[in-house]
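Colleague: Could you walk me through this model? I'd like to talk about helix packing and then about charged pairs.

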Amino acid sequence: MPNNTIHSTIDCIISWLRRVKTFDNRSQLAEIIRSGNLKKLSDEQAVRLLYRQFEPEFDRLKHVDYTLEQGDGDLIKGSLGRKGRTPSQFLFRHDFAEINRTVVNFLSLKWLLEDNHRAFTANQPSVVKLSETTFKDFRDLARDILKTTDDILALVVSLVLGDVGKDPHLEEDIIQQGGLSKNLNHDEVLASAIALHMFDKPLGLLSGEKRGEVILGVKVGAKLNIPQLTQGENVPGSLQSILMLQDHEQAFNLKYLEIMLDVSGAGGHVDARGAIRMIEPVCQSFLSAYPVLKNIITEKLPVRDAYNMVLHNRGQLLAKQDFHALDTNNPSERAFLRLCAMGRVADKDLAELFEKAFRGLEPRIREELIKGLNVDGCDGEDAVILYYMPAIFAEALRVTRSAPDCKKIQVLQSLMSFMERTYTNAERDVGHPGAIVERDVSPAKDYIQREGFLDDPTILNQCVLPVKTY
């Protein structure tokens, strides 16, 4: 073979290796995704390219101060590079909570597409670890939705933009332009920013069709928080906004997959070594809620029935753990199912602790709590959403991890009493009929973290939320 032919062949091989293996600094992540080569990147290469593609958005994520569910104060663990760094340590030699969460969202997508169950489930608690069967169901759903590489790119853009609305500087920028009033949730902030063309660059990576699907998903997300549904946090009336997605099936599909991946990375600020929050019961809840929501969109199922079906599915998961059956037609049992959903109860032992706490409440408090948890927010009915309540339960369970069961029950009763007070006070604050209002309960975290809380959980009685809602 002539030397020039050999050299030409070697050059072609080297060029190919650079393109599919090393992807030099000139490569753009969007190009690699469109060419179908995302799976060929190492995690480290993918993270570097994600940052290069979306550097302005990463800068905004640095500004987000995440204070809920902070863990035990230990050094946050990661899996990138030889030293096992978190994504933000790997990129900036410093930890930024929201960057860690967002990048783990993205890596969860990559692991899913690679069929990499080991990486996805790394460091999940063994008792609730995502099974290979359920992981396969999740992977198959993703593959069914992501029919083209344009769909994958649209999903990546959605994942990166998903939490930039939490940047306080973004809210200030929008207010200065007269495009926003204060005290809106971060999804509403993002929707306002997109309307003001502040994210045209990342959205400009997409075709007109995909850009429209992503923007429609943001608009729906500003009105409907789907994880709140699977966690029993919102109310049936909240589901009305999903009707915006009628005749937009792929917009719904991409939004739902974005949310599942957002939950997958939701623990990235505590442990960035895997999708630690997408555990078996959580994934099963999302997979079972998906067809329920599709039936709302096609008007095959009223929102009340759909909401109760999601709660029923939660009860079925507990029944598989030998916990007794629960009926959504019984107000007390329906209220208890919502508490279990908010508390991310996934096993019989914890369900029994929650039940002892619930049944042991003072009768008046229990009845008022049952009433508050059964208000639907439909047909002009006022309803209250206790925003961040699942995170408050998680923090309480963390601080009582080594406590005896009797102390855990006292703490849970303190939280349930706090919920009852908040529902009762919020009912007086609602300014007009038919309102669904969110009460941000995150200030309760400061009381739970106080020295002495375990000795006297009634310290939480001192937490009185401001009247203002958003």
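Colleague: Is the crossing of α16 and α17 left-handed or right-handed?

Modeller: The crossing of α16 and α17 is right-handed, meaning that the near helix is turned clockwise from the far one by less than a right angle. Please keep in mind that this is a predicted model, in which local features need pLDDT of at least 70 and side-chain atom pairs count only at pLDDT 80 or more, while totals for chains, interfaces and linings use all residues. Residues are numbered from 1 along each chain as its sequence is written, and side-chain values use heavy atoms, with hydrogens and water left out.

Colleague: At what angle do the axes of α16 and α17 cross?

Modeller: The axes of α16 (residues 280–297) and α17 (residues 303–319) cross at roughly 160 degrees and come within 10 Å. That makes α16 roughly antiparallel to α17, a label used for angles over 145 degrees.

Colleague: And which residues of α16 and α17 make the contact?

Modeller: On the α16 side they include Pro281, Ser288 and Val292, and on the α17 side they include Ala306, Met309 and Arg314, where contact means heavy atoms within 4.5 Å. By class, the contact has nine nonpolar, four polar and one charged residues.

Colleague: Switching topic, how many salt bridges are there in the whole structure?

Modeller: A search of the whole structure finds 22, each being a side-chain nitrogen of Lys or Arg within 4 Å of a carboxyl oxygen of Asp or Glu.

Colleague: Which residue does Arg60 pair with?

Modeller: Arg60 forms a salt bridge with Asp173, and their closest N and O atoms are 3.2 Å apart. The pair links distant parts of the chain, since Arg60 is in helix α4 (residues 55–62) and Asp173 is in helix α10 (residues 168–176), 113 residues apart.

Colleague: Why does Arg60 count as buried?

Modeller: Because its relative accessibility is 18%, and buried means under 20% relative accessible area, exposed over 50% and partly exposed in between (1.4 Å probe, protein chains only). Asp173 is partly exposed, at 28%.

Colleague: What about Lys166, which residue is its partner at 3.5 Å?

Modeller: Lys166 forms a salt bridge with Glu98, with the closest N and O atoms 3.5 Å apart. Lys166 lies in the loop between α9 (149–161) and α10 and Glu98 in helix α6 (residues 97–113), so the pair ties together parts that are 68 residues apart in sequence. Glu98 is buried, with a relative accessible area of 0%, whereas Lys166 is partly exposed at 22%.

Methods:
Axes are lines fitted to C-alpha atoms, for helices over the stretch in contact, and angles run from 0 to 180 degrees between N-to-C directions. Helices (H or I, at least four residues) and strands (E, at least two) are DSSP runs, numbered from the N terminus. Angles under 35 degrees count as roughly parallel, over 145 as roughly antiparallel, 65 to 115 as roughly perpendicular and the rest as oblique. Ala, Val, Leu, Ile, Met, Phe, Trp, Tyr, Cys and Pro count as nonpolar, Asp, Glu, Lys and Arg as charged, and the others, Gly among them, as polar.
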